[in-house]
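Work through these exercises with the model open beside you. Try each task before reading its solution.

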Amino acid sequence: MKTFAFLSHLDLNLYVFRAPIIKELLKRGHKVYAICPKGDKNQALEEIGCEVINYSIDRKSLNPFAEKRSIENIYCAIKGLSIDILHTFTAKPNIYGTLAAKKAGIPVILNLVEGLGSFYVKDTVKNILVRNIIERLYKKAFRLSDGCVFVNTSDPEYMLQKRLIKKEKVKIIKSVGVDTKKFSMKNYSEDRLLEIRKKLKLENKIVVLMVARAIWDKGVKEYYKVADTLKSKYKNVEFLLVGGTDLGNHSCASEEFLKNGSVQWLDHRDDIVDITAISDIYVLPSYREGLPATLMEASSMAKPIVTTDTFGCRDVIDDGLNGFLVPVRDSVKLAEKIEILINDKDMGKAMGQKALEKAQNEFDVRKVVEQYMEYYEKFI
């Protein structure tokens, strides 16, 4: 038996994206700690069977004194736990967790880069400055850690080109996986779909759906602009946005904007599977991604997808086959492709079938979890 610890800056991140891996490690007889700030998913993580250890971190802070405190907080949380393998997730935990773990004498330290984040979206002076700092810190962290998992092909290429990480430390496992049995249209009868539509007052509507945190970098503004354009032309089309605001993110959209437009904003919901089931077209106009779980979930439910030709998204969508890729921030092209699918249901159905096949072949959670077990075995 080995002791694993999963470190993140959000308990939600561990619960939503790491639960299948945690469950498999527990099933194999290992002990697992979830190291994260206190949040509303702490209890859910404990119910899975792992022990939750809390620490504090300021997600938005760029103050070096606050950042030093964060490293110390992580060190204090992990130093007495006899951890064999620490796996860190997202930028600050990757960097600070690696530094703290090295100080604590943890024998194996692994990182995971889910995407390079909002500072890589625009080339502002501030963003370039912050990127330079992040990359210097990542270079140090990667030198100290034993390996790093990337969820797409573009991010490791970038980091190798910048000489931030050695090639032998790079491992690509595309996505965190999707439960293709849970996200399946086989679970829904026509009566059940009609019941869900009635509850949301969407009978006889073509439903365009976007599921994402309500932040500008997800393309929220472009999505609202497209909704304004197409709803004036098609009275039977309804645009939905499911996702709560994220006040800890620099790119958070305002509730005033979200509530005043042609999009029906449903805020955070726990019935994502049901809402995805009744959608006809799935949209994610994000500026940059790691590898978006929502696109895999929509694919698993055989939905035609319109997304942006950017990091992460293009790993899920083959343009013209299982969906459309459009340029980032191009609301005109986004509207054009959505309109094609509004008017051509047969094309949408064919694309949805191809999306399902790709989800089953490449993104099924059981296959992804097995890749993680094989990766961990090298260090065990």
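**Exercise 1: the open sheet**

Task: In what order do the 7 strands of the open sheet lie, and how do they pair?

Solution. The order is S3-S2-S1-S4-S5-S6-S7, and the pairing is parallel. Strands here are DSSP E runs of at least two residues, helices are H or I runs of at least four, and both are numbered from the N terminus. Two strands pair if DSSP finds at least two bridges between them. Now look at the edges: S3 (51–54) and S7 (170–172) each have a single partner strand, so one side of each has no neighbour in the sheet. From one strand to the next, the twist averages 25°.

This is a predicted model, in which local features need pLDDT of at least 70 and side-chain atom pairs need 80 or more, while totals for chains, interfaces and linings use all residues. Residues are numbered from 1 along each chain as its sequence is written, and side-chain values use heavy atoms, leaving out hydrogens and water.

S2 (residues 31–36) and S3 run parallel, joined by 4 bridges. Ala-34 stands opposite Val-52 in S3.

**Exercise 2: strand S11**

Solution. Start with one side: Ile-281 and Val-283 are buried. Buried means under 20% relative accessible area, exposed over 50%, and partly exposed in between (1.4 Å probe, protein chains only).

Then find the partners. S8 (residues 206–211) pairs with S11 in the parallel sense over 2 bridges, and Val-208 stands opposite Ile-281. S12 (residues 305–308) also runs parallel to S11, through 3 bridges. There, Ile-305 is the bridge partner of Tyr-282.

**Exercise 3: helix H13**

Solution. The expected span is 1.5 Å times one less than the number of residues. For the 13 residues of H13 that gives 18 Å, and the end C-alpha atoms are 18 Å apart, so the two agree.

Now sort its residues. Ser-331, Leu-334, Ala-335, Ile-338, Glu-339, Leu-341 and Ile-342 are buried.

Last, check the N-terminal end. Asp-330 caps H13 there, with a side-chain oxygen 3.2 Å from the backbone nitrogen of Val-332.

Note on methods
Polar contact = N/O pair within 3.5 Å; in protein donor to acceptor, adjacent residues only side chain to side chain. Axes fitted to C-alpha atoms, helices over the stretch in contact; angles between N-to-C directions.
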